[in-house]
Amino acid sequence: MLAQLTLSLTPPKNLTNQHLLVLLPKAKTLPQDLPHSDLLKTVLARRSLKVDELTNTPVSANAANGALMAWTMLDFSKDAFAIQTQVRKAMQLLLAEKPKSIAIVVLGDPAQRKLAAELAVYGAWVNSALLPEHKKKDERKPLRKIELYGFADKQAFVSLKAQAEGNFLCRELTVLPPNELTPALYRARVKILAQQHGWKHVEFDLKKLRKLGAGAFVAVAQGSADEDAAIVHLRYTHPKAKQTVGLVGKGICFDTGGHNLKPARYMHGMHEDMNGSAVALGILLAASQCKLEVNIDCWLAIAQNHISPKAYKQNDIVIALNGTTIEIIHTDAEGRMVLADTLTLAARAKPDLIIDFATLTGSMAVALGARYSGVLGNRDELLQRAVSAGKQSGERLCAFPLDDDYEAALDSKVADIKQCTLDGEADHILATRFLKRFVEDTPWLHIDLSASRCPGGLGIVASEVTGFGVAWGLRMLLEGSLSV
């Protein structure tokens with residue numbers, strides 16, 4: 001549960017809160033109405049800092065009554081990511097003590113106070129929610145209350161609260177250990193979510209998928225002893241919606257690499273290979289909570305990539321749902337296999353736009369590290385909008401090419417297409433060329449989530465698992481028209 005928010009336009013003369021964050025716009029001098037200004041001046045003098053250096057270095061100090069104060073300046077000429085990072089660093093000075101409540105004071109002109117208030121409250125929500133842990137004694141305490149002074153428009157926080165809940169759902173699912181999020185257990189959780197939020201819920205289990213001819217998905221799923229894999233379809237509708245978006249997520253609950261077994265250092269953390277599906281779920285939840293006027297078809301490819309006598313092998317040839325024959329080159333390229341048939345189902349529903357999310361390729365992480373994610377697609381205008389939404393949301397995307405001449409690397413002598421190449425060169429592009437065969441001519445974006453985990457946190461999010469994609473996806477939906 002997120003902390004309760006109370007709003008007031010002006011703070012009381014004597015703030016007695018034990019944890020207080022003050023956000024003010026960049027300036028050469030301190031404003032006269034700054035809470036605990038004498039204490040801040042003393043701290044700046046002790047550290048030999050100029051006033052405007054607060055834009056680079058948040059500071060904190062204890063008041064005479066023992067209360068913890070933190071101050072920072074925000075340079076509103078910088079981009080959203082930089083401002084978010086500054087707010088997160090200042091907020092963590094307080095949240096590190098696991099307080100029950102915090103107070104936030106925002107200063108500046110009305111537009112500055114609005115932006116600072118939104119970032120601070122959102123930062124408090126996403127970074128105080130307790131992610132699952134399994135220690136014998138859990139001494140963590142959730143934040144119960146946020147008191148905001150300087151901005152009092154409740155409506156401004158409706159979509160932000162929904163976004164925070166979507167981000168938390170994404171991170172909560174992603175950090176669960178693989179024995180607590182098998183495909184069967186994941187499907188059960190999704191079913192409960194569907195019941196809670198009124199989503200239409202349909203499952204395509206392996207029996208149905210075999211009957212349909214979804215050979216690409218089944219090839220991966222058949223390696224598991226438990227036949228619990230499925231493609232799950234969730235649908236959110238709004239009576240005023242005029243357009244539909246399809247969200248597709250890779251949900252590999254654990255990825256051993258199959259017969260091309262991963263070494264230990266690369267297999268560690270592979271319970272997070274379902275993050276793409278968690279991002280799609282997070283966006284669906286946020287959109288539902290906001291009551292966005294758009295229809296959403298959410299498709300989750302939930303399976304595991306195990307090694308067994310039944311597991312698919314190199315040189316196998318499988319037939320995908322749309323009839324494409326695929327030559328298997330590497331069993332650790334399973335993500336594009338399960339997405340192929342899932343994208344086919346999504347495209348057959350005739351949405352106005354498809355967006356898929358996946359922790360798909362190591363080459364994207366090599367290209368970008370963990371601070372950006374990559375985007376590719378079949379419409380230049382969509383790519384431009386995607387990158388723009390990344391700048392606005394603070395979840396930054398870098399666009400990559402998808403030109404036809406890359407396709408030659410996937411030519412097969414024995415099938416319609418190779419699954420991948422063995423050398424792995426430009427695999428993030430080749431994987432997207434592969435997926436492109438399964439979306440027909442539907443406008444489509446593919447998000448390769450290299451920023452799903454970032455040591456030290458990323459932007460406004462302090463945890464290593466970032467929930468990257470939820471804020472970006474909600475921004476894309478909030479922009480309105482999905483057509484290109």
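Are F357 and W472 buried or exposed? In this predicted model, F357 is buried, as is W472.

Buried here means under 20% relative accessible area. F204, at 17%, is therefore buried, and W299 is buried with a relative accessible area of 4%. For F357 and W472, the ring centres are 6.1 Å apart and the planes stand at 75°, so this pair is edge-to-face. Because F357 lies in strand β13 (residues 353–358) and W472 in helix α14 (residues 470–478), the pair ties together parts that are 115 residues apart in sequence. Another contact with an aromatic ring involves R396, which lies over the face of F81 at 3.5 Å from the ring centre.

Helix α13 (residues 427–436) is largely enclosed by the rest of the structure, because 9 of its 10 residues are buried. The buried residues of α13 include D427, H428 and R433, along with I429, L430 and F434.

The structure holds 1 cavity of 30 Å³ or more, and the volume of the largest cavity is about 30 Å³. Its lining consists of M1, L2, A3, W125, S128, A129, P142 and L143. By class, 7 of the lining residues are nonpolar and 1 is polar, with no charged residues.

Terms used
Residues numbered from 1 in each chain as written. Predicted model: local features only at pLDDT ≥ 70, side-chain atom pairs only at ≥ 80, totals over all residues. Heavy atoms only, no water. 1 Å grid on protein atoms, 1.4 Å probe; cavity = no way out; pocket = protein on both sides within 12 Å on 5 of 7 lines; lining within 4 Å. Points joined across faces, edges and corners; volume = space filled by probe spheres on them. Nonpolar A, V, L, I, M, F, W, Y, C, P; charged D, E, K, R; others polar. Buried < 20%, exposed > 50% of the residue type's maximum accessible area, 1.4 Å probe, protein only. Helix = DSSP H or I, 4+ residues; strand = E, 2+ residues; numbered from the N terminus. Phe/Tyr/Trp six-rings, centres within 6.5 Å; stacked < 30°, edge-to-face > 60°. Lys NZ or Arg CZ within 6 Å of the ring centre and 35° of its normal.
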